[in-house]
Amino acid sequence: MAKTRKPGAVRKRRRKVVGMRARRVGHPMRKTSKPQAKPEPARFDVRALDHVKKCGPGTSVQVLFRVDERSAGDSRTHLVFYDRHGWYCEHGRDCPAVPHAQREARKFGFTGAAHAASHHGSTHNGRMRA
Ligand SMILES: [Zn+2]
């Protein structure tokens, strides 16, 4: 017959939480001097959208970007436009997604500069090649 074993004793092993160690960002023990600011750096994925399809053929919007913002445990989507009034996000001009869209626009040659009004009818430039 088996001797008396302590059934609970061996099973007390805890799983190692490896993933938690790798992510040091936003650790609750760590307080920054700025309590208001979010410590985690968010990631921004910028994608060009077809502004005509989205806003209609008569739109004054020249460029349209969808920006997916991802930070730790949170994500939201932005729509960033450029028209004759300048750059703005659906959340406002000061939205953090705006500079990311600007940078992406510059990559394919679009300069959202103030002199954009002098470029008449150059919208074909923004087309993506398949
Ligand atoms: Zn936004």
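How many helices and strands does the secondary structure of the protein chain come to?

**View 1. The whole chain.** The protein chain comes to four helices and four strands. Helices (H or I, at least four residues) and strands (E, at least two) are DSSP runs, numbered from the N terminus. Along the sequence the pattern reads α-α-β-α-β-β-β-α. This is a predicted model: local features need pLDDT of at least 70, side-chain atom pairs count only at pLDDT 80 or more, and totals for chains, interfaces and linings use all residues. Residues are numbered from 1 along each chain as its sequence is written. Buried residues make up 11% of the 130 residues. A residue is buried if 20 or more other C-beta atoms lie within 10 Å of its own, exposed if 12 or fewer, and partly exposed in between, with C-beta atoms placed from the backbone.

**View 2. The open sheet.** Four strands form an open sheet in the order E1-E2-E3-E4, with antiparallel pairing. Its edge strands are E1 (43–48) and E4 (86–89), each pairing on one side only. Neighbouring strands are turned by 20° against each other on average, direction ignored. Strands pair if DSSP finds at least two bridges between them. E3 (residues 74–83) and E4 pair over four bridges. Phe-81 has Tyr-88 in E4 as its bridge partner.

**View 3. Helix H4 on the sheet.** H4 (residues 97–107) packs on the sheet and touches E1, E2 (63–71), E3 and E4. Contact means C-beta atoms, placed from the backbone, within 7 Å. The direction of H4 makes about 125° with that of E2. Axes are lines fitted to C-alpha atoms, for helices over the stretch in contact, and angles run from 0 to 180 degrees between N-to-C directions. After H4 comes Gly-109, with a positive phi near 90°.

View 4. Ala-97, Val-98, His-100, Ala-101 and Ala-105 are buried in H4. They lie on the same side of H4, because they cover an arc of only 160° around the axis. The arc is that of the directions from the helix axis to the C-beta atoms. The buried residues of H4 pack against E1, E2, E3 and E4. On the face turned away sit the exposed residues Pro-99, Arg-103, Arg-106 and Lys-107.

**View 5. The largest nonpolar core.** This core has eleven residues, among them Val-63, Phe-65, Val-80, Tyr-82 and Ala-101. A nonpolar core is a set of buried Ala, Val, Leu, Ile, Met, Phe, Trp, Tyr and Cys residues joined through C-beta atoms within 7 Å. E2, E3 and H4 each supply at least two residues of the core.

Terms used. Two residues are in contact if their C-beta atoms, placed from the backbone, lie within 7 Å.
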